Amino acid sequence: MFEDALKPLPEKAFDYLAAVHLLNRAGFGGTPSQARALADMGLNKAVDQLVKYESQPVEPVKADLFDNSIMSPLTDEQRETVRKARLSNDEEVLAALQRDRNRKQSEDRKQIAELQKWWIKRMIETPRPLEEKMTLFFHGHFATGYRTIEDSFHMYQQNQLFRKFATGNFAQLAHRIIRDPAMIKYLDNDENQKSKPNENLARELMELFTLGEGRGYTEDDIKAGALALTGYTFKDDTFYFNGNNHDTSTKNIMGKSGQFDGDGFLDVILARNECAEFMAGKLFRFFVNDFSGDMSKEQKAFILAMANKLRASKYELKPLLDAVFSSAYFYSAQNRGAIIKSPIQLTVQAVRSLRTPVRELSALASATDLMGQNVFFPPNVKGWDGGRSWINTSTLFIRQNVLVYLLTGRKPDMYEWQASDIPFDATHLVDHLRQPDGSVDMASGIEYLLRFNLAQSPSPLRLQQVMAFAKSRGERLDNDRIIAVLALTTAMPEYQLC
Amino acid sequence: MSEHNIPYSRRLFMRHGVALASMATTIPQFIQNSALGMVAQLAGNPGGAGLPQDRILVVVQLGGGNDGLNTVIPFGMNEYYNARPTIGIPAPSGTAKGQTGVALMLDQQRGLGLNPSLKGLKSLYDDGKLAVLQGVGYPNPNRSHFTSMDIWQTANTGAKGNGWIGRYFDNTCNGTPIQEGSISIGRTAPLALNGQVQKPISFESAELFRWLGKDLHKSLDDPYQQINRAGILPETTQTSQAAFLMRTALDAQLGSDRIRAAVGKSPLTTWPNSDIANQLRIVSALIRDGMPTRVYYVSQGGYDTHGGQLGSHGRALQQVGDALAAFQKELAAQHAEDRVVTMVFSEFGRRVKQNASGGTDHGTAAPMFVIGSKVKAGVHGDHPSLTDLDQGDLKFKQDFRGVYANILDEWLKAPSAKILGGTFSKSSIIKA
């Protein structure tokens with residue numbers, strides 16, 4: 001019965017605005033010409049191009065792009081020096097060690113800032129937007145924060161892991177994440193030993209990563225799961241199973257009994273129906289609709305259909321994503337403009353769709369932080385709440401102002417950002433509307449700019465407001481006027497939707 | 001808004017220029033309400049029915065689960081030192097270990113002290129402006145940060161529904177939101193301030209509280225204002241994300257000018273430099289400006305001390321203690337002390353026993369602080385037993401909703417039973 005919920009969109013219904021919708025949701029938007037090319041391909045090919053992105057060549061992510069030695073632990077020799085200095089209370093040596101540590105930390109904080117810029121740039125430039133979008137999804141899902149782990153290279157490794165499994169197999173990724181040094185450190189599993197169990201990873205694994213809070217497990221299951229995960233730690237930059245600290249006893253977890261280790265624990269979890277449902281619900285909010293309030297019957301049916309698909313594919317994500325992006329429901333009116341853009345989505349989509357200059361990557365990173373989404377610094381292990389929580393009166397101003405910055409390069413006085421004098425040539429947005437004499441009719445140009453940017457037909461009032469402004473500024477829709485229209489359009493409350 | 005205010009507001013409305021008046025002609029109910037709210041502020045008469053004219057509540061949230069046992073030190077209990085061999089804070093008469101120091105004396109007879117980093121709070125205690133409420137928690141404690149924080153913020157043990165402060169406004173303003181009724185300083189507005197009708201204003205820095213696009217060309221300002229003050233467009237579904245954004249856009253315009261002006265002024269006293277101090281300094285500036293705001297919300301993180309906690313916990317406590325002391329001095333200089341009560345809470349305390357990493361794991365009950373010249377200073381209630389535990393955790397002595405009830409009834413003069421959906425036993429903390 002749930003198959004119906006995923007029934008595909010008729011080919012002929014896949015029009016230009018549907019292609020814009022797909023580009024926005026399965027990625028970070030595209031230019032008018034990219035949207036037209038996608039629409040011309042037809043639904044199946046368009047979805048294939050976005051989901052089966054392996055055919056698109058992309059700049060490889062090199063493992064040694066960032067320095068792994070900054071925060072490397074002390075050698076045995078250094079440790080011995082510390083021990084001796086402590087024993088003899090050698091303040092000079094101790095102070096030198098402290099200085100060295102401070103220097104490393106400050107160097108590493110510079111590297112995490114570089115990493116942020118690198119990722120934002122990659123999201124802007126990649127020919128595989130879904131790969132980066134799912135990487136972002138998993139970063140928010142298996143949220144791990146730099147502030148706690150203080151090791152930028154481990155954050156980089158985790159980022160590569162998410163990219164590798166972006167549209168791969170969720171179960172395999174889950175087995176990898178309990179071996180991920182950043183995660184192990186973030187949730188204290190390096191402290192989890194059979195003699196002194198630490199429940200942090202076991203709890204969040206069930207509550208936030210797989211099942212959802214209170215869904216099918218008890219506090220006792222958490223305690224048993226924590227024992228299963230004992231000894232899962234890391235050395236330097238790689239996973240290390242410390243058999244001495246691992247509890248080998250028989251454990252009862254959610255009605256199953258066995259000598260579970262971390263993987264056994266995870267297998268028990270992944271076999272539960274709740275897991276696919278929980279993941280389907282999260283992906284629904286990320287890709288389809290981040291509704292507020294009670295779930296409708298239709299939404300529920302669609303999520304259950306997604307969960308069935310995920311179970312049927314044994315947690316392979318591609319078949320699920322393909323079905324969602326091909327479904328009539330995904331394109332239905334109720335799901336257009338139904339997601340509040342995350343700060344990353346807002347910023348990256350603005351650059352990708354309008355083709356504004358990138359300007360300063362550090363400014364974009366700091367802006368996304370002010371808007372509430374500092375990548376590699378999620379607020380907590382729950383990740384970003386998304387939806388309406390992105391928006392308050394002050395983040396709304398910042399959202400509008402970031403667009404002013406991208407469009408004009410104008411240094412907003414109170415921001416510590418660099419002004420940029422790179423001009424933005426916005427005329428390509430209306431190229432297809434040019435008349436034989438090269439001019440663009442103002443009314444149709446403005447109508448098009450609103451429709452493209454809002455991914456919907458604009459409200460008559462909005463159209464009237466912008467049109468009145470544009471007419472008061474002359475007859476021609478030249479670059480300056482296009483940018484002025486864009487400044488107003490991107491300051492519309494509904495521009496925050498995609 | 002109380003009814004007798006409305007005619008006066010309308011008179012003002014007529015006098016206060018074209019912008020406001022023209023808004024009222026064609027637009028939906030919501031915006032008219034907002035415009036009236038704004039006019040009430042201009043009249044300097046924000047109080048509505050049930051709102052004492054100028055009483056203010058400041059909520060300080062300590063995020064991450066503050067270790068109550070290392071905040072208020074039960075140095076009279078041996079079990080404390082047994083449970084915390086390396087991170088226990090020595091009694092005031094004891095010997096300092098390393099750089100941490102010994103507890104500051106709070107109550108010799110009860111054997112209670114304050115963390116040595118809480119000198120600021122200790123000065124408030126000595127001035128008779130600090131109430132320490134012991135063992136505050138709730139039944140069937142939840143050890144998830146998020147759920148427990150939601151429980152505290154909704155005052156609902158199912159962690160469901162609107163925020164308790166939002167409901168306070170909803171219950172006292174006759175279905176009309178009070179513009180700038182509540183302000184949170186920070187990235188995101190806490191659930192606590194979210195009501196059905198009442199929505200908080202929040203910002204991290206006042207300078208960013210406007211659209212910079214109008215600097216591009218002055219002709220952009222008018223259409224921008226029209227777009228952002230239009231409220232919910234007729235074809236938009238009221239419950240949609242779009243409607244929510246349109247409402248928020250209007251709120252943003254209304255709050256912008258005034259707040260930026262208020263925060264731009266220099267404080268009357270000197271302030272320490274920390275994030276929490278900066279937040280409280282902004283609050284003090286807004287209070288001085290006579291904002292109609294009844295509730296301010298600030299927060300500090302860093303209390304999730306699972307490992308090596310002595311240093312980091314002490315630093316966090318010092319920042320908040322010093323900031324609270326500075327805030328109280330600033331209020332005194334403004335002659336505003338008698339109008340402000342400050343409440344400090346965290347989502348839970350931590351396990352009695354320290355863990356193997358020199359830290360503590362998620363626990364249950366913990367002390368709360370209530371500060372002000374109008375609070376009954378001193379230690380309230382008994383310390384939870386360190387032997388009669390629930391799975392290694394403290395049993396709470398005072399339901400936090402009883403504390404909220406007391407503040408609602410006695411300070412904000414609002415019907416707590418209606419707002420909290422029940423009655424809770426409470427010890428009186430507000431002076432008559």
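This is a predicted model: local features need pLDDT of at least 70, side-chain atom pairs count only at pLDDT 80 or more; totals for chains, interfaces and linings use all residues.
Let me start with chain A, where the domain assignment gives domain 1, made of residues 2-51 together with 272-335, and domain 2, made of residues 427-496.

The centres of domain 1 and domain 2 of chain A, taken over C-alpha atoms, are 30 Å apart. Where the two domains meet, 5 residues of domain 1 of chain A are in contact with 4 residues of domain 2 of chain A. On the domain 1 side, the largest share comes from helix α1 of chain A, residues 16-26, which supplies 4 residues. Sorted by class, that side of domain 1 has 3 nonpolar residues, 2 polar residues and no charged ones.

Stepping back to chain A as a whole, we find 23 helices and 4 strands. The radius of gyration of chain A is 25 Å, which is close to the 23 Å that the globule rule gives for 498 residues, so chain A is as compact as a globular protein of that length. The C-alpha trace of chain A spans about 85 × 65 × 40 Å along its principal axes. Of the 498 residues in chain A, 50% count as buried, and among the contacts between residues at least 6 apart in sequence, 73% join residues that are at least 24 apart.

Two local features of chain A deserve a moment. The hairpin has 2 residues between the strands, and A:D236 takes a positive phi near 50 degrees.

The other feature is helix α12 of chain A, residues 219-228, where the buried residues are A:D221, A:A224, A:G225, A:A226, A:L227 and A:A228. What covers these buried residues of α12(A)? The cover includes α11 (200-210), β3 (251-253) and α13 (262-270), which also belong to chain A.

Now to the place where the two chains touch. The contact takes 46 residues from chain B and 48 residues from chain A. On the chain B side, α6 (145-154), β7, α8 (221-228) and α9 (241-263) each supply at least two residues, and α9(B) gives the most, with 10 residues. By class, the side of chain B that touches chain A has 22 nonpolar, 18 polar and 6 charged residues.

That brings me to the interior. In soluble globular proteins, nonpolar side chains tend to be buried together. Here the largest nonpolar core has 263 residues, and those with the most contacts inside it are A:M306, A:L488, B:L57, B:M343 and B:V370. Helix α9(B) gives the most to this core, with 10 residues. If we take B:M343 and leave aside its neighbours within four places in sequence, we find B:M343 in contact with B:L57, B:V59, B:V60, B:M368, B:V370 and B:I407.

Let me finish with the strands of chain B. Strand β6 of chain B, residues 182-185, has B:S182 and B:S184 pointing one way and B:I183 and B:I185 pointing the other way, and all are buried. Which strands run alongside β6(B)? Strand β8 of chain B, residues 295-300, runs parallel to β6(B) and is joined to it by 3 bridges, with B:V295 in β8(B) as the bridge partner of B:S182. Strand β7 of chain B, residues 201-203, also runs parallel to β6(B) and is joined to it by 3 bridges, and here B:I185 stands opposite B:F203.

Elsewhere in chain B, 3 strands form an open sheet with antiparallel pairing, in the order β2-β4-β3. The edge strands are β2 (72-73) and β3 (104-107), each of which pairs on one side only. Between β3(B) and strand β4 of chain B, residues 112-114, there are 3 bridges, and in one of the pairs B:M105 has B:G113 in β4(B) as its bridge partner.

Just after α5(B), B:G128 takes a positive phi of about 75 degrees.

How values were computed:
Residues are numbered from 1 along each chain as its sequence is written. Chains are lettered from A and ligands numbered from 1 in the order in which they are written. Domain bounds come from an automatic or database domain assignment. Two residues are in contact if their C-beta atoms, placed from the backbone, lie within 7 Å. Ala, Val, Leu, Ile, Met, Phe, Trp, Tyr, Cys and Pro count as nonpolar, Asp, Glu, Lys and Arg as charged, and the others, Gly among them, as polar. The radius of gyration is taken over C-alpha atoms; the globule rule is 2.2 Å times the number of residues to the power 0.38. A residue is buried if 20 or more other C-beta atoms lie within 10 Å of its own, exposed if 12 or fewer, and partly exposed in between; C-beta atoms are placed from the backbone. Two strands pair if DSSP finds at least two bridges between them. A nonpolar core is a set of buried Ala, Val, Leu, Ile, Met, Phe, Trp, Tyr and Cys residues joined through C-beta atoms within 7 Å.
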